[in-house]
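I set out to record what I looked up in this structure, entry by entry. The notes follow the order in which I consulted the model.

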Amino acid sequence: MLDTLHRIVHAVNKAPNLQEALGTLVNAVREAIDCDVCSIYLVDDDARSNVLMATVGLEDSAVGKVRLPFGRGLVGLVAERAEPVNLADAPAHPRYVRIAHTGETRYRGFLGVPIIQNRRVLVVRQREEREFQDEEVTFLFTLAAQLAGAITHARASGELDALTREHQPLHRFLVGQPGHAGVAVGTAVVSFQLSDLEAVPDRPVDDPEAECARFERAVAQVGTDLRHLQERMADQLPEEDRALFDALLLMLRSETLVLQTEETIHRGLWAPAALRDTIAAHAQIFDEMDDPYLRERASDVRDLGRRILMHLQDDDPRLVEYPPDTILVGEEISAMQLAEVPPGQLAGVVSASGSGSSHAAILARAMGIPAVMGVSEMPVSRMQGRALIVDGYRGRVYIEPTPSVRTEYERLIAEEQALGAEVEAMRGPPSETTDGHIVPLHLNTGLVNQMNGEEQAEADGVGLYRTEFPFMVRDRFPGEGEQLRNYRRVLEAFAPRPVVLRTLDIGGDKALPYFPVVEQNPFLGWRGVRISLQHPEIFLTQIRAMLLADIGLGNLQIMLPMISGVGEVDELQQLIQRAHDELLEEGHVVAMPRIGVMIEVPSAVYQAGEIARRVDFLSVGTNDLTQYLLAVDRNNPRVADLYDELHPAVLRALRDITAAAAEFNRPVSVCGELAGNPLATILLIGLGVNSLSMSAGSLLRVKWVVRSISRIRARQIAQVALRMEDVGQIRRFMEGTLDEMGLGGLIRPGK
Ligand code: PEP
Ligand code: MG
């Protein structure tokens with residue numbers, strides 16, 4: 001049964017549009033259950049009825065016409081109860097309704113299961129009395145639970161196709177998570193990993209003959225590679241395993257692979273996308289085989305496809321063309337891909353995965369670019385060149401928007417620009433509450449080159465320099481000298497203002513290509529200082545570089561990430577002391593910097609006092625703290641609704657951290673994304689946070705809020721919020737507070 005289930009979900013996933021997906025589904029289910037009829041109904045909330053959408057067994061002409069009002073019929077019962085209904089003799093049930101024009105005789109056996117997320121009901125029926133077996137019920141139930149994503153995807157793909165054929169705009173918008181506030185209108189450029197065949201976007205080709213020649217060259221090169229590999233493996237692999245290479249070579253030379261791809265190229269598609277389609281079709285044949293060994297061959301076909309793609313890419317002289325209003329679109333967007341867009345041409349970012357606190361969103365924020373994350377419905381490969389509107393406030397993406405939507409957003413953009421001018425007025429004056437308390441605003445950065453002078457001048461220092469970014473864009477660990485030059489640049493740029501350099505925080509979602517950490521549970525695994533403690537050589541090199549970079553400047557502060565207990569703080573402080581003493585012995589006049597700890601793990605919240613006593617300052621990493629307090633992966637769009645940094649638990653943790661630090665007279669900063677959210681500024685001041693560190697794009701907006709409120713009032717507001725039990729209530733309360741202050745424009749599109 002598991003195989004059948006897998007095959008059906010796979011086939012529905014591959015369907016190019018909703019109607020084909022549903023057609024495939026009803027046919028496959030009827031065969032699997034061996035029944036007379038299989039149908040699928042849509043729960044139409046607007047028309048308050050259940051509509052037949054696809055069927056096998058009833059008349060085709062009934063599709064779209066049969067409508068059962070809510071409250072009548074057995075399909076409605078399934079939808080209302082949101083659970084399966086299994087009846088051996090359906091006509092005996094009081095809710096049974098017979099509909100004449102479906103060609104239906106009296107079907108007696110009935111089993112209906114809800115597909116809850118899609119508002120649909122899947123029904124199988126039998127002419128004779130039939131009580132469906134438990135395993136048939138659980139089969140349909142499990143299938144329905146897995147189908148939601150596939151159906152949504154098919155719908156979005158089909159809508160895009162219709163849009164291309166009929167030049168009809170899409171009225172719907174796709175929904176994701178707000179990544180960075182702001183609105184952008186622009187053109188999609190799909191960015192994809194070189195080796196990710198499924199993510200290759202469609203692109204037109206001007207000269208199909210030349211494109212075919214390019215494709216043939218790539219195929220020939222893969223043939224040569226495979227033969228080399230086969231020879232190399234000659235004395236390491238037994239004969240039967242080496243036969244795999246023969247099979248791959250045969251597949252490579254098979255007429256269908258080459259001819260099918262070239263046919264598609266001649267229809268006007270570039271070679272990588274033509275190859276993508278051929279490989280998908282071939283792999284699907286294997287995917288659908290019952291024999292598990294043969295099914296596994298699908299991955300060989302895909303591997304072959306990736307190899308050809310790599311060679312195609314080597315041979316591609318065309319650089320990606322970025323229009324002046326580029327909206328970068330991808331399954332997953334990396335820091336490198338963002339950095340590749342020429343300055344000034346990046347208008348927006350849309351990612352199918354990730355959430356507002358993923359590192360891609362953090363980078364977008366640093367660059368002040370509107371971003372929407374976790375748009376899982378988006379058919380990425382079909383997006384190239386499409387007109388898009390990105391609403392980073394509400395997490396919406398409009399594809400080929402209607403003229404009225406476009407006009408509305410152009411108006412909002414004009415208002416945004418007007419608001420931008422008002423925000424600009426905040427440049428210069430200090431970040432001071434109306435009753436005279438200074439709240440220093442610091443920058444979060446990791447790419448000092450990408451900051452302009454104005455932004456640097458505005459900040460009171462750097463509150464979080466993520467040292468892993470320079471580590472990520474290299475192909476090996478940077479040495480002491482290389483790191484020193486990097487740290488010196490940022491310390492010099494801000495001196496005498498403080499610069500907090502955070503020690504390497506890799507692991508979790510931040511991988512180094514040359515130091516792979518593969519774990520089942522990376523966020524609970526080897527990351528941050530846990531790696532530093534097991535690799536003191538990496539840590540000591542970094543500390544030496546930091547201390548040397550600070551000579552003659554004196555504005556360095558060092559911060560330790562992912563601390564979960566005082567033992568780690570003690571050990572790391574000893575290592576820092578050791579690096580300091582060794583440098584002194586070597587004759588360098590280094591000073592001991594202030595040392596701080598990030599509070600981002602729940603255990604550290606409960607030990608904030610003990611930690612504060614040991615160090616000079618605390619800084620709360622609300623991105624991770626929220627993830628760990630709420631047990632919600634910060635990158636997983638499925639649970640992104642649950643990830644909310646204004647959650648009462650986060651606010652109460654902040655209250656406890658500032659109280660514990662105050663006992664030892666230590667300052668507390670917040671350097672997670674919450675610090676740059678104008679909705680939270682008043683709360684953070686009111687909860688006793690001393691300084692805030694954020695992306696450059698948020699600084700003036702937050703300063704506006706600071707300069708509009710007194711600390712006394714902020715404390716009162718925080719006390720009210722602390723008594724609230726639900727995050728929605730806190731959000732509404734803070735939105736209302738900003739609206740009353742005339743600052744609503746900071747949290748939604750327009751003014
Ligand atoms: C945090 O966790 O809040 C933080 C600032 O660190 P990062 O986002 O780099 O994990
Ligand atoms: Mg963190």
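**Entry 1**

I located Gln-126 in strand S6 (residues 120-126); helices (H or I, at least four residues) and strands (E, at least two) are DSSP runs, numbered from the N terminus. I note that this is a predicted model, in which local features need pLDDT of at least 70 and side-chain atom pairs count only at pLDDT 80 or more, while totals for chains, interfaces and linings use all residues. Residues are numbered from 1 along each chain as its sequence is written, chains are lettered from A and ligands numbered from 1 in the order in which they are written, and side-chain values use heavy atoms, with hydrogens and water left out.

I found Gln-126 buried, with a relative accessible area of 9%. Buried means under 20% relative accessible area, exposed over 50%, and partly exposed in between, with a 1.4 Å probe and protein chains only. Not counting residues up to four places away in sequence, Gln-126 touches Asp-34, Cys-35, Asp-36, Tyr-107, Arg-108, Gly-109 and Phe-132; contact means heavy atoms within 4.5 Å.

I then turned to the partner of S6. Six bridges join strand S1 to S6, and the two run antiparallel; two strands pair if DSSP finds at least two bridges between them. Cys-38 has Val-124 of S6 as its bridge partner. S1 (residues 37-44) is mostly covered, with seven of its eight residues buried. S1 also pairs with strand S2 (residues 49-56), in the antiparallel sense and over seven bridges, and Ser-39 is bridged to Thr-55 there. Four residues lie between the strands of this hairpin, in which Arg-48 takes a positive phi near 50°.

**Entry 1: the open sheet**

I traced eight strands forming an open sheet of mixed pairing, in the order S7-S14-S13-S9-S10-S11-S12-S8. Strand S7 (173-175) and strand S8 (177-180) are the edge strands, each pairing on one side only. Neighbouring strands of this sheet are turned by 30° against each other on average, direction ignored; axes are lines fitted to C-alpha atoms, for helices over the stretch in contact, and angles run from 0 to 180 degrees between N-to-C directions.

S8 and strand S12 (residues 371-373) run antiparallel and are joined by three bridges. Pro-178 has Val-372 of S12 as its bridge partner. Helix H12 (residues 403-424) lies across strand S9 (183-190), strand S13 (387-391) and strand S14 (396-399), and runs at about 115° to S9.

Strand S20 (residues 617-620) and strand S21 (residues 668-670) pair in the parallel sense over three bridges, and Ser-619 stands opposite Ser-669 in S21.

Glu-600 lies in the loop between strand S19 (594-599) and helix H19 (602-606), and Asp-624 in helix H21 (residues 622-630), so the pair ties together parts that are 24 residues apart in sequence. Both Glu-600 and Asp-624 are buried.

I checked H21 as a whole: eight of its nine residues are buried, so H21 is largely enclosed by the rest of the structure. Ala-631, which follows H21, has a positive phi near 55°.

**Entry 2: two helices in contact**

I recorded an angle of about 95° between helix H23 (residues 678-686) and helix H26 (residues 727-740), with their axes 9 Å apart. H23 and H26 are therefore roughly perpendicular to each other; angles under 35 degrees count as roughly parallel, over 145 as roughly antiparallel, 65 to 115 as roughly perpendicular and the rest as oblique. The contact is made by Pro-678, Leu-679, Ile-682 and Leu-683 of H23 and by Ile-730, Arg-731, Met-734, Glu-735, Thr-737 and Leu-738 of H26.
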